[in-house]
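Thanks for coming. Please have a look at the sequence and the structure, and then I will go through a few parts of it.

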Amino acid sequence: MYENIPDKVTNIIVTGKSGAGKQPRIDVLVEEFDLEQLSTGNIFRSYLGKFNDHGYSGDIGQFWQEDQFVPDEEIAKELKTQDPDVILGMKAKYFVDRGLFVPDFITNELFRAYFSRKNYRDQVLDGYPRTLDQAEFLMKLLEEEDSRVDFILWVDNDDEMIVERTVNRRICPDCGKVYHLVYKPPRDGKCEVCDVEVVQRSDDTEEKIRSRLGEFKEKVIPAMKYLEEQGIPIARVPGHLEDFTPENVRKSVLSSVNKIF
Ligand SMILES: [Zn+2]
């Protein structure tokens with residue numbers, strides 16, 4: 001039925017606006033091609049965790065001078081560690097703690113370190129690359145490591161639908177169960193499992209959603225265009241399905257992938 005799809009792929013990128021519905025599609029790809037999901041969020045959490053576990057109580061602000069980090073040897077000496085992961089964790093934490101946008105060179109460094117542990121293979125990249133600089137870094141890395149990205153799966157969704165879906169989203173603070181004020185309202189405003197009041201995530205305000213949508217247009221789309229020019233095909237799937245069943249999600253993903261091969 002999907003006779004064009006290769007049995008084995010090396011890596012896949014999944015992209016789409018925040019709130020477009022990437023996760024169900026990632027689940028299909030992970031299962032179908034026997035891959036792992038590599039999310040930028042998890043990469044950051046992993047390195048921040050390594051730094052926190054190391055237990056340094058000094059001020060990490062001292063490592064950032066004149067718009068760059070001091071040499072790694074100096075950081076290693078002060079942190080009393082030779083573990084590169086701890087140093088990377090400190091670098092990520094510097095920006096995260098200050099609520100600053102993490103510069104590409106740090107994201108790239110974290111990504112490379114994490115991707116290398118996976119031997120640069122068998123991953124569904126989720127949340128990377130998100131800028132042209134990151135896309136160029138990725139292409140260079142793949143070439144150096146004799147690896148590849150077979151295709152990009154782009155989950156398409158309409159801005160207004162995403163806004164509507166996201167501002168009405170409520171989450172149980174205990175179990176993480178997701179509700180929607182219109183389509184799946186919590187009874188009496190409480191989680192049906194935990195009986196605690198559901199909450200709105202601080203990221204789910206209209207202002208923040210629109211800012212993420214703007215960032216997608218300005219940064220992510222040029223990155224994807226560049227990758228396409230480099231010969232990586234893009235398979236587009238609709239984020240909104242009238243009948244949103246696991247079987248329909250799977251069909252939608254596989255038929256669009258089938259078309260690009
Ligand atoms: Zn709950």
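One definition before anything else: a residue is called buried when its relative accessible area is under 20%, exposed when that area is over 50%, and partly exposed in between. Keep in mind that this is a predicted model.

Let me apply those cut-offs to one residue. Asp 27 sits in helix α1, which covers residues 22-33. Its relative accessibility is 42%, so Asp 27 counts as partly exposed. Along the chain, Asp 27 and His 180 are 153 residues apart, and their C-alpha atoms are separated by 22 Å.

Next, some strands. Strand β6 runs over residues 151-156, and five of its six residues are buried. Which strands pair with β6 in the parallel sense? One is β1, residues 11-16, with five bridges. Another is β9, residues 234-238, also parallel and over five bridges. To pick out individual positions: Val 14 has Leu 153 of β6 as its bridge partner, and Val 155 is opposite Val 237 in β9.

Now helix α7, residues 159-167. Which residues of α7 are buried? They are Asp 159, Ile 162, Val 163 and Thr 166. Viewed down the axis of α7, these buried residues fall within an arc of 100°, so they line one face of the helix. The general rule behind such a pattern is that an α-helix has 3.6 residues a turn, so residues three or four places apart point the same way. What do the buried residues of α7 pack against? They pack against β7, residues 169-171, and α8, residues 206-229. At the start of α7, Asp 158 has a side-chain oxygen within 3.3 Å of the backbone nitrogen of Glu 160.

Last, the zinc ion. Its protein donors are the SG atoms of Cys 172, Cys 175, Cys 191 and Cys 194, lying 2.3 Å from the ion. In sequence, the spacing of these donor residues is C-x2-C-x15-C-x2-C. What is the geometry of the site? It is tetrahedral, with angles of 106 to 115° among the four donor atoms. For reference, the ideal angle for four tetrahedral donors is 109.5 degrees.

Are Cys 191 and Cys 194 buried or partly exposed? Cys 191 has 2% relative accessibility, so it counts as buried. Cys 194 has a relative accessible area of 26%, and is therefore partly exposed.

That is the end of my part.

Definitions and conventions:
Residues are numbered from 1 along each chain as its sequence is written. This is a predicted model: local features need pLDDT of at least 70, side-chain atom pairs count only at pLDDT 80 or more; totals for chains, interfaces and linings use all residues. Side-chain values use heavy atoms; hydrogens and water are left out. Helices (H or I, at least four residues) and strands (E, at least two) are DSSP runs, numbered from the N terminus. Buried means under 20% relative accessible area, exposed over 50%, partly exposed in between (1.4 Å probe, protein chains only). The arc is that of the directions from the helix axis to the C-beta atoms. Contact means heavy atoms within 4.5 Å. A polar contact is a pair of N or O atoms within 3.5 Å; within protein, one must be able to donate a hydrogen and the other to accept it, and residues adjacent in sequence count only if both atoms are side-chain atoms. Donors are N, O and S atoms within 2.8 Å of the metal (3.2 Å for Na, K and Ca); water is not among the atoms, so sites may look incomplete. Four donors count as tetrahedral if all angles lie between 85 and 135 degrees; four count as square planar and six as octahedral if opposite donors are over 155 degrees apart and all others between 65 and 115; anything else is irregular. Two strands pair if DSSP finds at least two bridges between them.
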